[in-house]
Amino acid sequence: MCGNHRPDGSTVDHHHGPHHHLDERPVFMPAVRGPRQWRRRAFLGELGKGTMAFAVLAPAFITACSDDADTGSSADGTTTTATTTTTNEGVSEPAGLRWARTDLGFVSAYVLARGTEAAIVDTGVAGSAEDIGATLAAIGLGYADVAHVFLTHLHGDHAGSIGEVMAQATSATAYAGEADIGGIDFDAVTATADGDEIFGLEVIATPGHTAGHISVIDHDAGLLVAGDAINTLDGGVQGPNPGFSSDIEVANASARRLAQLSFNTLLAGHGDPIEDMADTAVAAMAATL
Ligand SMILES: [Zn+2]
Ligand SMILES: [Zn+2]
């Protein structure tokens, strides 16, 4: 039963953006599930027009594929896939990082949460605050619980709702890479830099798509949010697009740097999440750059 419950499916045409899929670069598919390093409980649901996935991640080291997967549909049409590990003694409770996706069609925003505190990574195009609020609600939180809003970069499909989001997330701090702040239409963005630790996330400078592009990683949970440093269109991993990178050589170097990291889950601005051994697929992609 291993490997058959990845939630992202194989057809993602409706996620293709208007400008991120115009080339024919190779796509590196994530590896078939092998030895697992992260325990995972994944839940999928659909709510309104936004499709959401949320998961609880924990840093348990598991060497055998030993999952029981249960899939069912509830009366309201919500599909839930629950994956539990049953054979490992001493497995701790989840470390507490939960994530949820706001699928805005061709771009995604993400909510990360620990307990009752949340961070938002990217805000989508203008007019997305309501959808992001629905994502927060889906994991039992609201804008009042948002302490941090990260913008991976200045482009309007990522920073377009920063003003609307910050108007509701009144106790949050907004962050972006310093070189991008001048291009963001919000006047209270705090510069963050490579190596900063915020909300248990490490900020990784990943310039090249834009000069100030950042990614964030939770090392314990094995989760990387990569913005447009790499994308996951067509169900696999693609490197920087030369046509949409301010400096493709710098962008490629950033992708190679991300390939040095260990993570299981990859959340990209464009494309579906990859939830198993995503680092392997990123490394395969980066080796060709
Ligand atoms: Zn972009
Ligand atoms: Zn984008």
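The structure is a predicted model, in which local features need pLDDT of at least 70 and side-chain atom pairs count only at pLDDT 80 or more, while totals for chains, interfaces and linings use all residues. Residues are numbered from 1 along each chain as its sequence is written, and chains are lettered from A and ligands numbered from 1 in the order in which they are written.

The protein contains 6 helices and 15 strands; helices (H or I, at least four residues) and strands (E, at least two) are DSSP runs, numbered from the N terminus. Of its 289 residues, 48% are buried. Here a residue is buried if 20 or more other C-beta atoms lie within 10 Å of its own, exposed if 12 or fewer, and partly exposed in between, with C-beta atoms placed from the backbone. Among contacts with a separation of 6 or more, 67% link residues 24 or more positions apart, a contact being two residues whose C-beta atoms, placed from the backbone, lie within 7 Å.

Strand 7 runs antiparallel to strand 6 (residues 108-114), to which 5 bridges join it; two strands pair if DSSP finds at least two bridges between them. Leu 112 has Ala 119 of strand 7 as its bridge partner. This hairpin has 2 residues between its strands, and Gly 115 takes a positive phi near 60 degrees there. Strand 7 also pairs with strand 8 (residues 146-150), in the parallel sense and over 4 bridges, with Val 121 opposite Phe 150 of strand 8. The chain passes from strand 7 to strand 8 through helix 1 (residues 129-138) in a right-handed β-α-β crossover. Right-handed means that, with the strands pointing away from the viewer, the path from the first strand over the helix to the second runs clockwise.

In strand 11 lies Glu 197, which counts as exposed because it has 9 C-beta neighbours inside 10 Å. Strand 15, in turn, is covered on both faces, with Thr 265 and Leu 267 buried on one side and Leu 266 and Ala 268 on the other. The chain reaches strand 15 from strand 14 through helix 5, again by a β-α-β crossover that is right-handed. Strand 14 (residues 223-227) and strand 15 are parallel and share 4 bridges; Leu 223 stands opposite Thr 265, and Leu 224 has Leu 266 as its bridge partner.

Helix 6 (residues 278-286) has Ala 278, Asp 279, Ala 281, Val 282, Met 285 and Ala 286 buried. These residues lie on the same side of helix 6 because they cover an arc of only 160 degrees around the axis, taken from the directions from the helix axis to the C-beta atoms. Their cover includes helix 5 (248-258) and strand 15 (265-268). Leaving aside neighbours within four places in sequence, Val 282 is in contact with Ile 230, Val 237, Leu 258, Ala 259 and Leu 266. Val 282 and Ile 120 have the most contacts inside the largest nonpolar core, which has 67 residues; such a core is a set of buried Ala, Val, Leu, Ile, Met, Phe, Trp, Tyr and Cys residues joined through C-beta atoms within 7 Å.
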